[in-house]
Structure formats: C-alpha cells, structure tokens
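Hello,

Here is the structure for your files. My notes on the aromatic residues follow below.

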Amino acid sequence: MPPPAGLHNLGNTCFANALLQCFASSENITAFVDNCRGTLARLLHSVVSAIRCGNEGATVNASDFFSELRTRFPRYQGRNQEDSHEFFILLVNAIVNEEYALRKESFWRDIGPPLLAFPTSGWFGVDIRCEMCQIFHQENGGDNPSLRRVLEPFTCISCPIASVSISHPLVIPHAASLETCLAHTLARERVPELDCTWCTLRNEGKVANRSSAPPRRHTAARSPGSVQRSIARYPRVLCVHVERLQWSRVGQVKDERCVPAPRWLECGGARYHLTALIVHRGNARAGHYEAYVRYGTVWYRVSDTVVEPVCAQDLARLPFYMVLYERGDA
C-alpha cells in the first residue's frame, strides 16, 4: 500500500491536519464518511480519499474543506493555534448533526434512515449511589431505590495521566500505562453533594420514613454519594484523549510524561488494534501537532507535508495526546 499523502498547512492548521490523517488511516471512519451526504462530510471524504490515494511525495491542499469549516465556525478564521481534541469533538458533532437532519428530512425519498452513530461513539453505563439512602435501607431493610444506572454517550474518552507510586524520594513517579489510566478514569468517584430524589421524598414525608431516616438537614436533597462509569457499549473505533494540560501556580503547564500505548488493547470483551496517534510538540501555549498512522503493517510519521516511515517499536516512547484503536483485526 502506498504511503499517505501529506497535507498543506494553511495557517496553523496542523491541529486539523493531524486529525484528518488519523481519520484517513481508519477503515471504519472512512467507510462512515463515504456513506454521508452532508456538505461538510463530502468535503471531508474528498480529503481523506486523496490522502489514502497518495503516492510517495504527494501532497493535498484541503482549502475547500477549511473554507467550509471557517464559514461555519468563525473561531477557525484566524491563524491561532487550536486544539486537536476540541476540533475532533466539534467536527464529529457537526457531521453527525448535519447527516441526521438531512436523512431525517429525506427519509421517504432516496437517502435512507439516519446513521446511528459515528464510529468512535459509545455509551457509558453510569452507576449513581446515594450514601444516605444506602445507610437508611441497610438499617430498615429492602432494596435501595437510589441505586440508579443511566446511559451517557461519548465519542472520545478523556483520561488524566495516572502515576505509578515509587517509594524512593529521589525518583520522580512515572506515568502509568494507558490501561491503568483508563481504569482510574472509570473507577468509582465520591461526590460530596449528589441530587437524590428519594432523600427529598423521605424528607417531605411522601415515602415511608422511620426513625432512622436522614435528618432534616438533607431536605435540599444534596446528599453525599458516588458515581462510577463503565463502558456499556463499545465503539468500533476507540478514541482516547490524554489530559496533559494542568493548572499550577504559574498557569497552565503541560505534562510531558510518556504513557505507553500497547499495540493491542483489551477492553472488556473487545480487542482493539492500535491505528493512529496524535503527538503535540511544544508547551502549553504553542507547539506543533503531528500524526503517526498505520497502513497495513507500516507506520508513518506525518507532519503536514512531511511523510516518512517509522519503526513500530518507537511508538512506545511517544508522549501522545490522542490515540485511535480499531476494533478487531482491522
């Protein structure tokens, strides 16, 4: 398979070029875009198709795509350094919303039913627990009605960098693996104030309220509790964003620690193959985005118009900002 074509930088557009390269390397995303009928999706399809059909040394000018993008979203009309993750969320939502509106309007004509979801879309199962209700039902018997499980959609999982604890005082804790970072993100989190309908009903006397009921100070139904997320529906393409920007006394700083990204990622019963990465070179205020993409068994580093093969073993040392995994053997 020939190497991908590079993309011209049209004024600090490296944040978008890197993401477009990742989209072009994904079979699931290119197939989805190929079936879309919206204006923005068709322009995106022309760009990713040109990237995939590129020969060695070929470049693509995506001026039509960026012209449409800047018309719809004035924030991109300047030449400021933008964020690839924010651009990903905005672009995916724009494509899906336009496609849904178009297909809903044309359902009885020739386009067909709406597409269900972008390939990176999945569902969190969110488990919500109220501590006051749990204590009440433990003392009075019966099931805890405050145990709620709701569904929450996502297109990208954002996770902070988890540290590996080291007892030696002179050794700086290093970053944990991507699996550990995801596990920390999906761990149960305590919430100091949780809206609880059952606490409100008990305090208002609308449900059975015995002597061990919560005190009157909880009449506002702001009770301590906990929330835990789990992946209820796995996407075809798993997109993970590593939160590298942190606030300190001197302002925003960037965490440069490397989070090892495995070639294969096991998530529940799903198995994902590493497909693409986005790396940001620079600090919290400025820098440059570049993509690392896989075509078949060959990896390429793409920095705007520069395309060069890289060794797969070198990927483990990259401080990536975003990463894409495709489900199965794709």
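**Aromatic residues**

Phe66 is buried, its relative accessible area being 2%; buried here means under 20% relative accessible area, exposed over 50% and partly exposed in between, with a 1.4 Å probe and protein chains only. Please note that this is a predicted model, in which local features need pLDDT of at least 70 and side-chain atom pairs count only at pLDDT 80 or more, while totals for chains, interfaces and linings use all residues. Residues are numbered from 1 along each chain as its sequence is written, and side-chain values use heavy atoms, with hydrogens and water left out.

There are ten aromatic pairs in the structure. Rings of Phe, Tyr and Trp (its six-membered ring) pair if their centres lie within 6.5 Å; planes under 30 degrees apart are stacked, over 60 edge-to-face, and the rest tilted.

One of the pairs is Phe23 with Phe88, edge-to-face, with 6.1 Å between centres and 65° between the planes. This pair links distant parts of the chain, 65 residues apart: Phe23 belongs to helix α1 (residues 14-25) and Phe88 to helix α5 (residues 84-105). Helices are DSSP runs (H or I, at least four residues), as are strands (E, at least two), numbered from the N terminus. Phe23 counts as buried at 1% relative accessibility, and Phe88 does at 0%.

Phe65 and Phe66 also pair edge-to-face, at 5.4 Å centre to centre and 75° between the planes. Phe65 is buried at 1% relative accessibility.

Phe23, Phe32, Phe88 and Phe118 make up one aromatic cluster.

Regards
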